[in-house]
Amino acid sequence: MTLHSFKAGERIFARGDAGDELYLIRRGSVRIVLPLEDDKKHHLSTFSRGNFFGEMALLFEQKRTASARVPGYAELYSLDKASFDHATERYTDFVTQIRREAERRSSN
């Protein structure tokens, strides 16, 4: 995993970006928004310390369907696709939990 620091207002990813990483929040929070017309945005969710996000695009090998920004300072761990695939072999409980959460989120 790689540790990243983000300043207030920084973008983590944008709708349409490659979904090749998932993120775990070490410090701060992350807002997930759906960009609309005329620079408007629809707030989908806010995640905070201990939560993860970005798993749906990673698991389903899709582009990002929403954008992610930090409202204040944040530290995030990222796990890329190759590392995630390797983890699926060693840490089955962790991966099972992520897959269940992705299924739950996609059904809402």
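Predicted model: local features only at pLDDT ≥ 70, side-chain atom pairs only at ≥ 80, totals over all residues.

Residues are numbered from 1 along each chain as its sequence is written, and side-chain values use heavy atoms, with hydrogens and water left out.

Helices (H or I, at least four residues) and strands (E, at least two) are DSSP runs numbered from the N terminus. An open sheet is formed by 4 strands in the order E1-E8-E3-E6, with antiparallel pairing; two strands pair if DSSP finds at least two bridges between them. Strand E1 (2-6) and E6 stand at the edges with a single partner strand each, so one side of each has no neighbour in the sheet. E1 and E8 run antiparallel and are joined by 5 bridges; Thr-2 has Ser-78 in E8 as its bridge partner. E3 and E8, also antiparallel, are joined by 6 bridges, and Arg-27 stands opposite Glu-75 in E8. E3 and E6 pair in the antiparallel sense over 2 bridges, and Tyr-23 stands opposite Phe-53 in E6.

Helix H2 packs on this sheet, touching E3 and strand E8 (74-80), and its direction makes about 70 degrees with that of E8. Contact here means heavy atoms within 4.5 Å; axes are lines fitted to C-alpha atoms, for helices over the stretch in contact, and angles run from 0 to 180 degrees between N-to-C directions. E8 is largely enclosed by the rest of the structure, because 5 of its 7 residues are buried (buried is under 20% relative accessible area, exposed over 50%, partly exposed in between, with a 1.4 Å probe and protein chains only).

The buried residues of helix H3 are Val-95, Ile-98, Glu-101, Ala-102 and Arg-105. They lie on the same side of H3, because they cover an arc of only 125 degrees around the axis, taken from the directions from the helix axis to the C-beta atoms. Their cover includes strands E3 (21-27), E5 (41-48) and E6 (52-53) and helices H1 (55-60) and H2 (81-90). The face turned away from the buried side carries the exposed residues Asp-93, Gln-97, Arg-100, Glu-103 and Ser-107.

Two loop residues remain. Asp-39, in the loop between strand E4 (29-35) and E5, has a positive phi of about 60 degrees although it is not a glycine. Glu-61, in the loop between H1 and strand E7 (67-69), has a positive phi near 50 degrees. Asp-39 counts as exposed at 75% relative accessibility, and Glu-61 counts as exposed at 61%.
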